[in-house]
Protein chains: 2
Amino acid sequence: MRNNGISRAVTKRLPRYYRYLTALKEQGVERISSKELSEKMKVTASQIRQDFSNFGGFGQQGYGYNVDYLYKEIGKILGLDTERKMVIIGAGRMGQALVYYQGFSKRGFTLTGIFDKAPSVIGTKVGDFTVQSLDELEQVIKDNDIKIAVIAVPKLAAQEVADTVCDLGVEGIWNFALVDLKVPSNCVVENVHLVESLMNLAYNISVKES
Amino acid sequence: MRNNGISRAVTKRLPRYYRYLTALKEQGVERISSKELSEKMKVTASQIRQDFSNFGGFGQQGYGYNVDYLYKEIGKILGLDTERKMVIIGAGRMGQALVYYQGFSKRGFTLTGIFDKAPSVIGTKVGDFTVQSLDELEQVIKDNDIKIAVIAVPKLAAQEVADTVCDLGVEGIWNFALVDLKVPSNCVVENVHLVESLMNLAYNISVKES
């Protein structure tokens, strides 16, 4: 994976900027200063200017940023101007919940199918989708130029699924299985480890109590 | 919230240590050196020693750590030795998925109920639970000493729910709504912002492609 020299701490803040800019656009706000943005987002104005300077600064001119321009530019950096097709592997409760989840379709992520290996699940409906057999996965990925695979299978099955999809040309894995996946350099992984998030919460409650 | 002087970067790694120690215990491993643990976890041995030194070092004696002791001590730090009761607010797909999700019950998190305000949902079954009216929330929280509320409602409703549960004595919010919640000092929030996680993935794919 090429490293473009921008730290992960900065890039991880981009989705949150994007979320606030989306809200500003919806409210009809046309310009915003780094100071106003910083008050809304509870980060310092200098942090915002420093973050944005990594991407050329986005043309702040003393009187602030053009909200629409900033929204579009950050969207481009996040790759949201490109439609990305994805499949979900694992039609258990988490996989099903993700089918019904509305959030990603308007960000350019198009769900193409959901797959499972259990005969009792294959052929059942989940929303507008019919659960397909894992045997059909290769053809679907190739025919539809699928870039993202969502892994929502039990942890013991996750590495094998990851190996398969990376072999088939998938570029990104959104991993809900509680395991660290090993992937080749043509693939990137983003983890959603729910149990670990809940443990962080428990820890922060403990600290508060102590 | 009291600050115990340990950085968030360190404490965020604890759940992952705990996960690896759980696996080692399951495999019957009794002792492990920081070097062996570092190879498994793909972090440096010095990072591990440095992290553990924040908590007194856990008695590493040259020949390694006692796995069971380390597992228990990190579990205590994470507050996993205390049973914590939680409720889910919002019985949409995400709330329902979390009811069926198996991962947290064995970590000491006990689900006590699921709540919604929609009459069409109240009274329906989700697994072993019957969706209760939000009107009953106050009584349930008080009667059961509920410490954690999971917010799985639409983003426009989330702040009001957060205000309510913090008022009722809940100490931690596990927030799935795509909004930054404002909470009083008696409450802590841990966010699971799925759309932002997917945007991070898209960004990392874009970087790889460029």
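In strand β9 (residues 172–175) of chain A, G172(A) and W174(A) point one way and I173(A) and N175(A) the other way, and all are buried. A residue counts as buried if 20 or more other C-beta atoms, placed from the backbone, lie within 10 Å of its own. Strands (E, at least two residues) and helices (H or I, at least four) are DSSP runs, numbered from the N terminus.

The model is predicted: local features need pLDDT of at least 70, side-chain atom pairs count only at pLDDT 80 or more, and totals for chains, interfaces and linings use all residues. Residues are numbered from 1 along each chain as its sequence is written, and chains are lettered from A and ligands numbered from 1 in the order in which they are written.

**The sheets**

β9(A) is joined to strand β8 (residues 148–151) of chain A by four bridges, and the two run parallel. Within this pairing, A149(A) has I173(A) as its bridge partner. Two strands are taken to pair if DSSP finds at least two bridges between them.

Both strands belong to an open sheet of six strands in chain A, in the order β7-β4-β3-β8-β9-β10, with parallel pairing. Because β7 (132–133) and β10 (188–191) of chain A stand at the edges with a single partner strand each, one side of each has no neighbour in the sheet. Chain B also has an open sheet of six strands with parallel pairing, in the order β7-β4-β3-β8-β9-β10. Its edges are β7 (132–133) and β10 (188–191) of chain B; each has a single partner strand, so one side of each is left without a neighbour in the sheet.

**Helix packing**

In chain A, helix α1 (residues 8–26) packs on helix α4 (residues 67–77) at an angle of about 145 degrees, with their axes 9 Å apart. Axes are lines fitted to C-alpha atoms, for helices over the stretch in contact, and angles run from 0 to 180 degrees between N-to-C directions. Residues of α1(A) in this contact include L14(A), Y17(A) and Y18(A), and those of α4(A) include L70(A), Y71(A) and I74(A). The contact residues of the two helices divide into ten nonpolar, two polar and two charged. Here Ala, Val, Leu, Ile, Met, Phe, Trp, Tyr, Cys and Pro count as nonpolar, Asp, Glu, Lys and Arg as charged, and the others, Gly among them, as polar.

In chain B, helix α7 (residues 155–167) lies across β3, β8 (148–151) and β9 (172–175), running at about 170 degrees to β8(B).

**The two chains together**

Chain A and chain B each bring 49 residues to their contact; two residues are in contact if their C-beta atoms, placed from the backbone, lie within 7 Å. On the side of chain B, α8(B) gives the most, with 15 residues. By class, that side has 27 nonpolar, ten polar and twelve charged residues. α8(B) lies across β3, β4, β8, β9 and β10 of chain A, at about 165 degrees to β10(A).

Chain B is superposed on chain A by a rotation of 180 degrees with 0.0 Å of shift along its axis (RMSD 0.0 Å). The two copies are therefore related as by a two-fold rotation axis. The superposition is by least squares on the C-alpha atoms of residues with pLDDT of at least 70 in both copies. The same surface serves both copies, as 100% of the contact residues of chain B recur in chain A. A97(B) is the residue of chain B that comes closest to the rotation axis, at 3.0 Å (C-alpha).

Definitions and conventions
A residue is buried if 20 or more other C-beta atoms lie within 10 Å of its own, exposed if 12 or fewer, and partly exposed in between; C-beta atoms are placed from the backbone.
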